[in-house]
Amino acid sequence: MTEPLTELTGVSVEFRAPGSSLLNRDRVHALTDVDLTVTAGETLGVVGESGCGKSTLVKVLVGLQRPVRGTVRLDGEDIWALSAARRRRHVGSRIGMVFQDPATSLNRRLPVEQIIVDPLDVQRWRSPRDRQARVTELMDLVGLPSSARDALPSQMSGGQRQRVAIARALALEPALLIADEPTSALDVSVRAQILNLLLDLRARLGLAMVFVSHDLQTVRRVSDRIVTMYLGRVVEELPAGSIHEGRHPYTRALFSAAPGLLHPMRPIPLSGPVPSAVRPPSGCPFRTRCWRAADDCAAEMPPYAADGRYRCFHPVTTPSDLPVQELA
Ligand SMILES: Nc1ncnc2c1ncn2[C@@H]1O[C@H](COP(=O)(O)OP(=O)(O)OP(=O)(O)O)[C@@H](O)[C@H]1O
């Protein structure tokens, strides 16, 4: 088996809940017992409703958030066993990050050239002359004209700014690119261009990608594997081409609402709100909204099943397990 590029084992992240005090030590359970691997060259899609822990997961992957439990390995190395300086260097040289909104993720006082050269300067990559040549190469790679070198982000369009962010993320030739909602802050007219650029770069550079998005149709299109998250837990992991066969009821419900899928499903209505991450339900966190839930779901979080990467005691195995009829 290929050695994973990055591997999370039993990772949990908790935050102090808003309004908590010494007497009331409430915690937000942002991630609970997450196992995840990304191998070289593959694209992993991460989906789930707002607040399920996607951004926290990204912060854990890039070493910006320390888990309260569990390990985070990059190239087999436990990144939290490294000094802060070594962790930054190791993660910085292996993982590039593209954020949702280039208007806020780029330093607006710096010209494009400075923004792109910054990671190279920080890691003292080769000589200053080589760094300048690398900036030229990167701008070319992402389709920025050389005349943009001295421009400030505010003088550019959203799409051009995102190209700058992608160039910067690729500066150190990372093995993994993490894209957190990379097109959702952009005009609809340029979204496809930026997505196609990412896919083209992924193929040309042999990158692995973690692709986080609310846009389920796009996630399905770009990913090899998809993980479904619910209230801080990974509840299922499956090949992107099989999301219509998800075993976990939440995966089915989530994708049943997505338009334009190859296998259209009838929307599965879910009852009630997402519970609080401060007091998540015992056992399976989805049980309070799940039509398949039974008493055993409250007792413990189901382990991964024997016949697939899902955590559910009452999976969807036949059409009659769905609350609505499947479309023919
Ligand atoms: N710094 C923090 N302090 C307290 N709670 C936090 C903090 N950061 C995130 N949370 C909480 O942790 C949970 C997971 O948040 P996270 O931002 O990772 O979710 P998300 O899936 O990325 O949401 P969205 O899709 O809306 O960005 C949420 O309940 C959120 O309110």
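The chain has 10 helices and 10 strands. Helices (H or I, at least four residues) and strands (E, at least two) are DSSP runs, numbered from the N terminus. The model is predicted: local features need pLDDT of at least 70, side-chain atom pairs count only at pLDDT 80 or more, and totals for chains, interfaces and linings use all residues. Residues are numbered from 1 along each chain as its sequence is written.

The overall dimensions were computed next. A compact globule of 328 residues would have a radius of gyration near 20 Å, and the value for the chain, 21 Å, agrees. This radius is taken over C-alpha atoms, and the globule rule is 2.2 Å times the number of residues to the power 0.38. Along the principal axes, the C-alpha atoms fill a box of roughly 65 × 50 × 45 Å. Of the 328 residues, 40% are buried. A residue is buried if 20 or more other C-beta atoms lie within 10 Å of its own, exposed if 12 or fewer, and partly exposed in between, with C-beta atoms placed from the backbone. Among contacts between residues at least 6 apart in sequence, 64% join residues at least 24 apart. Two residues are in contact if their C-beta atoms, placed from the backbone, lie within 7 Å.

The largest nonpolar core holds 80 residues. Such a core is a set of buried Ala, Val, Leu, Ile, Met, Phe, Trp, Tyr and Cys residues joined through C-beta atoms within 7 Å. Ile116, Ala167, Leu176, Ile178 and Val210 touch the most other members. Leaving aside neighbours within four places in sequence, Ala167 is in contact with Ile116, Leu138, Met139, Leu141, Val142 and Leu144. In soluble globular proteins, nonpolar side chains tend to be buried together.

Helix 1 is largely enclosed by the rest of the structure, because six of its eight residues are buried. These are Lys54, Thr56, Leu57, Val58, Val60 and Leu61. Just after helix 1, Gly63 takes a positive phi of about 75°.

Strand 4 (residues 69-74) and strand 5 pair in the antiparallel sense over two bridges. Pairing requires that DSSP finds at least two bridges between two strands. Arg73 stands opposite Asp78 in strand 5.

Most residues other than glycine have a negative phi. Glu173 has a positive phi of about 50°. Glu173 is found in the loop between helix 6 (158-170) and strand 7 (176-180). Glu173 counts as exposed, with 12 C-beta neighbours inside 10 Å. Phi of Glu181 is also positive, near 50°. Glu181 lies in the loop between strand 7 and helix 7 (188-205). With 19 other C-beta atoms within 10 Å, Glu181 is partly exposed.
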